[in-house]
Structures are given as C-alpha cells and as structure tokens.
Amino acid sequence: MLEVCVLSAESDQHDIPPVIQTILDKHSSVFAEPQGLPPSRACDHVIPLTMGAQPFAIPYRYSPQLKTEIETQVSKVLHEGIIRPSTSPFSSSVVMAKKKDGTWRFCVDYRFLNAITIKSKFPLPIIDEFLDELAHASWFTKLDLKSRFHQILLKTGEEYKTAFSTHFGQYEFLVMPFGVTGGPGIFQSAMNATLSPLLRKCALVFLDDILIYSSSLDEHIAHIDAVLTLLHKDGWKVKFSKCTFAQRSIAYWIQDMSQYFSFKKKRKHF
C-alpha cells in the first residue's frame, strides 16, 4: 500500500509594504554584513572559573576529510577576525556536526571548560508571559539577529579560556563562542538592555528572536522604526532573509524551548 500526502506550508516571506520598505532603507546599516569585531558593550562576556580550576588539554583525532573541512572553516573565521592564534594552556577539541544539507557545522566541545565554570542564573523568558502581552496586538514583525553569540565581545583577558586545537594550530575566540555555559543568559541580558525602553510596550525578545507587535499599522510603522533605531545604536546586526515585516499573523519559533506558536488576530484571540 502506498499513501501519498501533499504537504504545504505557508511561508513567512511576503511582499514588504512600501511604507515599511522606507523604514528598512533608513536603517540599512542594521541589515549589513558585520565588519570586524562587534563593539564593546556592558555585556562583554566573562568566563568565571571555579576556585582551584586548572588548565586542560583535550587530544584530537580527525579523518583526512574532516581535516580539510576544518582547515577551510577555521581559515574563514580567522579571516573574519573573530579568532586568533593562541598559546593558551587551555585546549578544547573541535567537533564537526553534519547538517541536513550534507555540509558541516564547526563546533568546539566546551564541556570540560563548562565543568569548571561558575554557572550563571539569569532567567530566560516564559512563553505564557509572552502570550499575555499580545492580547490587543494585530500587527506583527519578526526580526532575527545574525550569528547571535558572535555579536558579543569577550572581555579582554578572557580569550585564552576559549582556546581550541586543530591539526594545524591552536586558536582562541575574541567573541563569545557557541557552547560556553552562561551564553544564552548573557545574550538575553544584552538584548533586554538594548530594547529596555520598548519591552512589553511593543517588543518582546527571546535570545536572537525579536517580536514587534502593535494594534494598528500606523503604530507598527513607528514601533519598527524605534526598534531598529535601538539596534543600530548598540551595533546589532539583523539577518534580513529571516525577518518578516508587518503581518496580521506570524509564526514565532522558540528554538531553545522547542515550542512553536502562531499569533493570529481573530476576534478576541491571537
């Protein structure tokens, strides 16, 4: 027996109204590719070690295929300026994770570093609280930041703790790397600080996902302008291809909580 199912999914990509496009053109620098290191902010990341913590060095072993891929990806981020050669006594190992499209994702295994790091307790938002804020909203815009953790600088003197070894050298990060403990909390705190004048008034943020909501189109235009102004002021970069602007309904995906929810204005519901 053969069953054929037709699956269709509504795309978040829609034509952008001209009045919204004018606002986006005004803030084009927010959607530009990052150049060099992010600016130093109050949220520059610190990795506090437990008392008596000692440096460690994790051995590595890679196949010839992975060695070539590691060389390519390390050379890329080295050229971008977010890592540099290192002589640190710390040394984590590289892990290559295969994506669905067959390409490789470069990761560093920071489990040993995380084990000797003092854990932060910054609370992440709760979905129910998000829903409570949207009772009167009928216009929505979703913004997605580029390479979220890499937009936060490591505090000077912390870089050596992030060192990782490859078959052709050792390197360390100058920005907050993926996989370090406390990273999500620091990022949420940073975004809360940037958007604090607008939080719970017209904007919600969960890590790198920003939701702008309004009760009318005129309000929504002003709210988009205000959010982009704050992002520009603090030097954040947004990935245009993952954004959705001025929609009456929108899908908002909270990856880190593995929950998906759709906000729709229908009578008294959204």
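1. Of the protein's 270 residues, 45% count as buried. The model is a predicted one, and the remarks below should be read accordingly.

2. On overall architecture, the protein contains six helices and 11 strands. Its accessible surface amounts to about 15100 Å², and carbon and sulfur atoms account for 55% of that area.

3. On contact order, the contacts considered are those between residues at least 6 apart in sequence. Of these, 76% join residues at least 24 apart.

4. Is Asp15 buried or exposed? Its relative accessible area is 76%, so Asp15 is exposed, the cut-off for that class being over 50%.

5. On surface charge, Lys99, Arg105, Lys239 and Lys242 form a positive surface patch. Of these residues, Arg105 belongs to strand S3, which covers residues 104–109.

6. Why does Arg105 count as partly exposed? The relative accessibility of Arg105 is 42%. Buried requires under 20% and exposed requires over 50%, with partly exposed in between; Arg105 therefore counts as partly exposed. Membership of a patch calls for over 30% relative accessible area and no salt bridge, and Arg105, at 42%, is one of the residues forming the positive patch.

Technical notes
Residues are numbered from 1 along each chain as its sequence is written. This is a predicted model: local features need pLDDT of at least 70, side-chain atom pairs count only at pLDDT 80 or more; totals for chains, interfaces and linings use all residues. Side-chain values use heavy atoms; hydrogens and water are left out. Patches are made of residues with over 30% relative accessible area and no salt bridge: like charges are joined within 9 Å, nonpolar side chains (Val, Leu, Ile, Met, Phe, Trp, Tyr) within 5 Å. Accessible areas come from the Shrake-Rupley method with a 1.4 Å probe; for residues, only the protein chains shown count as cover. A salt bridge is a side-chain nitrogen of Lys or Arg within 4 Å of a carboxyl oxygen of Asp or Glu. Lys and Arg count as positive and Asp and Glu as negative; His and the chain ends are not counted. The place of a charge is taken as NZ of Lys, CZ of Arg, CG of Asp or CD of Glu. Helices (H or I, at least four residues) and strands (E, at least two) are DSSP runs, numbered from the N terminus. Buried means under 20% relative accessible area, exposed over 50%, partly exposed in between (1.4 Å probe, protein chains only). Contact means heavy atoms within 4.5 Å.
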